[in-house]
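Me: Hi! I have a model open and would like to go through a few spots with you. Could you help me read it?

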Amino acid sequence: MGAPEDWLLTQAERGNPSTRLDARHPGDRAWSEGNRVRPLVDGATYFAELHERLEATRPGDLVLFTDWQGDADERLTGEPGSEVAEVLGRADERGVDVRGLVWRSHNGSIGFTARENAQLGRALQRRGAEVILDMRVRTGGSHHQKLVVIRHREDPSRDIAYVGGIDLCHSRRDDAAHRGDPQALDSMADEYGATPPWHDIQAAISGPAVHDVETVFRERWEDPTTLRRSPIVVAHDRLRGLDTSPDPLPEQLPPPPPAGRHAVQLLRTYPDLRQGRDYAFARGGERSVARGYTKAVEQARRLIYVEDQYLWGDHVGNVFVEALRRHRDLHVVAVVPMHPDVTGLNRTAQLVGRRRAMLDMHRTAPDRVAVYGLENSAGTPIYVHAKTCIVDDTWATIGSDNFNRRSWTHDSELSSVVVDPDGEYARDLRLTLAAEHLERTREDVEDLADPEAMFAAYAQAAAALDGWHAGGRSGPRPPGRLRRLEPPSIGPVRRALALAPYLWIHDPDGRPRTLRRGDRF
């Protein structure tokens with residue numbers, strides 16, 4: 001299976017001497033050992049556990065969270081009283097210290113959620129929690145990290161951290177049946193229907209790595225850079241009663257005791273903010289997401305399995321292409337949304353990025369690369385928001401980052417990587433996802449442990465479902481949710497018109513100029 005040091009970045013390879021994230025790790029190690037990580041597949045699973053854990057907090061406990069998008073009224077269990085603001089507000093009122101960092105967001109007139117995020121902040125502040133709207137980003141950038149940390153003053157063995165792709169907002173509370181969250185977003189493309197089916201993953205982490213996730217939050221909370229450059233916006237926030245200056249956090253407790261055998265590494269992206277505004281904890285930015293994925297993919301020999309919202313562009317395509325070129329037995333399976341979630345020129349721009357990555361891989365290894373979308377039993381496309389990658393059943397990541405240049409260089413991102421000495425974690429995650437997509441029980445996919453068997457099973461299931469659709473949906477619907485995707489066909493004029501929006505809006509570059517020139521991370 002390989003030792004953690006063969007797969008994970010060292011502190012030097014992380015390339016960020018400004019961070020204290022690895023301060024407690026011995027030598028040049030940039031990961032912690034003795035952890036237990038559980039993948040929570042789909043939002044309903046995560047929200048139910050999060051609700052139970054938050055309700056069990058007591059006076060003196062600490063709850064920290066970050067969010068890209070937040071809705072105060074999103075119900076964690078679907079029941080009244082389980083709303084995000086209500087659950088966190090109740091915790092603070094009974095003596096739990098609740099702190100949040102929520103991305104301020106861009107204006108709603110261009111499809112973003114500034115109003116909803118501000119409402120979440122105000123709702124929690126009225127209940128006593130301290131929530132900060134954070135806009136310390138590059139122009140056009142975002143804070144995309146999604147984490148929750150719960151520390152227990154009296155019993156550190158119960159400490160837990162959640163890291164992944166699931167925001168505390170509308171549309172995320174979907175389950176394995178994928179009929180959608182009744183509290184749905186109203187901004188999705190029409191193909192996804194009134195309650196868009198939503199596939200996602202969050203990692204539940206117990207053990208010393210909880211301390212590492214907490215450090216990620218603390219570095220951002222304690223960063224002295226102003227939350228917003230515009231004095232007008234700061235004055236407006238104060239008039240609205242929003243907190244604009246984070247209060248000091250309590251002293252950080254030691255790491256929780258060991259809880260398992262998993263080695264856990266946190267990978268991050270922070271941009272180069274330029275003009276003397278850099279984060280104190282990431283001068284010139286951090287690109288350990290890009291570096292960590294690149295190191296893992298270079299190790300791949302048999303199967304790279306990816307579920308991702310985007311999978312865009314030349315940089316991503318090149319990483320896979322080189323691996324496919326070097327190793328003739330290597331296969332790549334990717335599960336992505338069938339359609340972008342936007343329309344018009346923005347949709348074309350996203351398809352241009354997808355086309356670039358897919359064409360590069362297909363030209364190199366047409367018989368060893370397969371890309372799929374998902375649909376539910378009613379034929380409605382499932383929006384794939386998951387961000388996970390599994391390499392040779394050894395290295396597995398769940399996080400907020402997508403396979404594109406934006407996530408690798410421009411926004412803030414956080415991903416948790418697990419290397420399990422027994423190899424069970426990554427294999428079990430892969431087979432659990434296969435069971436859902438093939439509509440089998442978990443016990444009925446053990447025959448897919450062999451990578452080539454899984455590659456073939458996905459191809460057969462997708463061919464059967466595609467054929468059923470092509471034949472007018474006559475007869476029983478074949479089992480499974482997989483639909484084969486080919487590189488998008490886009491005419492030269494549309495590609496030319498969409499190229500600039502793709503490069504500058506959808507997939508911008510947040511690297512320092514010296515790295516851009518050499519196309520390095």
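Predicted model: local features only at pLDDT ≥ 70, side-chain atom pairs only at ≥ 80, totals over all residues.

Me: Thanks. Why do the side chains of a strand go two ways?

Reply: In a regular strand, side chains alternate between the two faces of the sheet.

Me: Which strands does strand 15 pair with?

Reply: Strand 15 runs antiparallel to strand 11 (residues 303-307), joined by 4 bridges. Strand 15 is also antiparallel to strand 16 (residues 395-399), again with 4 bridges. Two strands pair if DSSP finds at least two bridges between them.

Me: Which residue stands opposite Cys389, and what is the bridge partner of Val391?

Reply: Val306 stands opposite Cys389, and Trp395 in strand 16 is the bridge partner of Val391.

Me: What happens in the hairpin of strand 15 and strand 16?

Reply: There are 3 residues between the strands, and Asp392 takes a positive phi near 50°.

Me: Back to cysteines. How many disulfides does the structure hold?

Reply: The structure holds 0 disulfides, where a disulfide is a pair of cysteine sulfur atoms within 2.5 Å. Cys389 counts as buried because its relative accessibility is 0%, and Cys169 counts as buried at 0% too.

Me: New topic: how many residues of strand 9 (residues 262-270) are buried?

Reply: Strand 9 is mostly covered, with 9 of its 9 residues buried. His262, Val264, Leu266, Arg268 and Tyr270 point one way, whereas Ala263, Gln265, Leu267 and Thr269 point the other way.

Me: And what are the neighbours in its pairing?

Reply: Strand 9 pairs with strand 1 (residues 32-41) in the antiparallel sense over 2 bridges, and Asn35 stands opposite His262 there. With strand 17 (residues 413-419), strand 9 forms an antiparallel pair over 7 bridges, in which Ser416 is the bridge partner of Leu266. Strand 10 (residues 286-287) is joined to strand 9 by 2 bridges and runs antiparallel to it, with Glu286 as the bridge partner of Tyr270.

Me: Now helices. At what angle do the axes of helix 10 (residues 344-364) and helix 14 (residues 492-506) cross?

Reply: They cross at roughly 85°, and the axes come within 8 Å. That makes helix 10 roughly perpendicular to helix 14. The axes are lines fitted to C-alpha atoms, for helices over the stretch in contact, and angles run from 0 to 180 degrees between N-to-C directions. Angles under 35 degrees count as roughly parallel, over 145 as roughly antiparallel, 65 to 115 as roughly perpendicular and the rest as oblique.

Me: Which residues make the contact?

Reply: Among them are Leu345, Val352 and Arg355 of helix 10, and Arg494, Leu497 and Tyr502 of helix 14. Contact means heavy atoms within 4.5 Å.

Me: What about Leu311: where does it lie, and is it buried or exposed?

Reply: Leu311 lies in the loop between strand 11 and helix 9 (313-326), and at 2% relative accessibility Leu311 is buried. Not counting residues up to four places away in sequence, Leu311 touches residues including Phe320, Ala334, Gly353 and Phe403. Leu311 and Ala334 are 23 residues apart in sequence and 8.5 Å apart in space, C-alpha to C-alpha.

Me: Last one: what is the phi of Asp42, and where does Asp42 lie?

Reply: Asp42 has a positive phi of about 80° although it is not a glycine. Asp42 lies in the loop between strand 1 and helix 3 (43-55) and is buried, with a relative accessible area of 1%.

Key: Residues numbered from 1 in each chain as written. Heavy atoms only, no water. Buried < 20%, exposed > 50% of the residue type's maximum accessible area, 1.4 Å probe, protein only.
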